[in-house]
Amino acid sequence: MSEYDAFARYYDLEYRAYTDDSLLYRSLADRAGSPILELACGTGRHLIGLARAGHTITGLDTSEPMLAIAADHLSEESPEVQARVTMVQADMRRFRLDGRFRMAFYAINSFMHLMTALDQARSLRCVHRHLAPGGLLAVDIFNPEMALFDSAGRIFYERTMHDAAGGATVTKMVATAVDRRARTNRLEFHYDEVSSDGRLTRSVAPITQRYLHRAEMERLLARSGFVVEQVYGDFRLQPSTPASPKMIFVATRATATNPALPKETHA
Ligand SMILES: C[S@@+](CC[C@H](N)C(=O)[O-])C[C@H]1O[C@@H](n2cnc3c(N)ncnc32)[C@H](O)[C@@H]1O
């Protein structure tokens, strides 16, 4: 069960054509080579994009509705592309897959769905175990210094989307609540869908992210057996600064042995 189950269709409507980060993963994949592992692959935009580019890729996600949409998109691809993609319903905190990957990545804040320090370490430890020595890891999360916005109970208009297939129009509004002590960002997505015959369906979908500061993420990666090569601040690959919108960590799997989990059992 994933928070995304409830709004998988709306997520896909919003992100299926989102390509701001595509070039980054394409160039890292070309450098690392296949096979590739995407943690929290969602509705499969990277799986399909990288498979079209000739890469072999496995995506895992806990959400059945997200994976079902991904499978639907994949079924429209050529047999060659389909053959290069594997999808697995699994939890990024604990998974076991055959083979070793040459690259793994968490796109677009997916790492922030790991809600405790222990879960973050568990997931990185799993990735470490599944990467070939020297394998590449990329993690894209937002910079909390720049991106956190507490709307304190107010709701803001974000965008209007058109579902070409069904003829519906979907208006998305967002409210956010930041808890600086727990380091969480709770987002509430409000969707108003108007069908082609004028019927209104209103729904609310919450998700919670645990945000991290740069030094915290660097420590976590080092303790999990990765060497950070570069931290970018945006998809144009500018170096990360305190004013950058993003923190994109590119690291390599350093040690041959699997690192121990940290002792703490809380966030
Ligand atoms: C922001 S979406 C990212 C989807 C995709 N990577 C993309 O770039 O469009 C986050 C995804 O994380 C998945 N997710 C959340 N917690 C997870 C977990 N513990 N294990 C695997 N997937 C998880 C959700 O189901 C959702 O599909």
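Predicted model: local features only at pLDDT ≥ 70, side-chain atom pairs only at ≥ 80, totals over all residues.
1. A nitrogen atom of the ligand lies 2.8 Å from an N or O atom in the side chain of E38. An oxygen atom of the ligand is 2.9 Å from a polar side-chain atom of S2.

2. Residues are numbered from 1 along each chain as its sequence is written, and side-chain values use heavy atoms, with hydrogens and water left out.

3. The ligand has 20 residues around it, of which Y11, E38, A40, R45 and D61 come nearest (a residue counts if one of its heavy atoms lies within 4 Å). By class, this shell holds nine nonpolar, seven polar and four charged residues (Ala, Val, Leu, Ile, Met, Phe, Trp, Tyr, Cys and Pro are nonpolar; Asp, Glu, Lys and Arg are charged; the others, Gly among them, are polar).

4. The second largest pocket holds about 380 Å³ of space. Its lining comprises 20 residues, and R16, R45, I48, G49 and R52 are the closest to its centre. The elements that give two or more residues to this lining are α2 (22-32) and α3 (45-52), and α3 gives the most, with six residues. The lining of the second largest pocket divides into six nonpolar, seven polar and seven charged residues.

5. H55 sits in the loop between α3 and β2 (57-61). Is H55 buried or exposed? H55 is buried, because its relative accessible area is 7% (buried means under 20%, exposed over 50%, partly exposed in between; 1.4 Å probe, protein chains only). The side chain of H55 makes a polar contact of 2.7 Å with the side chain of D30, and another of 2.9 Å with the side chain of S34 (a pair of N or O atoms within 3.5 Å; within protein, one must be able to donate a hydrogen and the other to accept it, and residues adjacent in sequence count only if both atoms are side-chain atoms).

6. A152 belongs to the loop between α7 (144-147) and β6 (156-163). A152 is exposed, with a relative accessible area of 57%. Its C-alpha atom is separated by 7.6 Å from that of A175, 23 residues apart along the chain.

Note on methods:
Helix = DSSP H or I, 4+ residues; strand = E, 2+ residues; numbered from the N terminus. 1 Å grid on protein atoms, 1.4 Å probe; cavity = no way out; pocket = protein on both sides within 12 Å on 5 of 7 lines; lining within 4 Å. Points joined across faces, edges and corners; volume = space filled by probe spheres on them.
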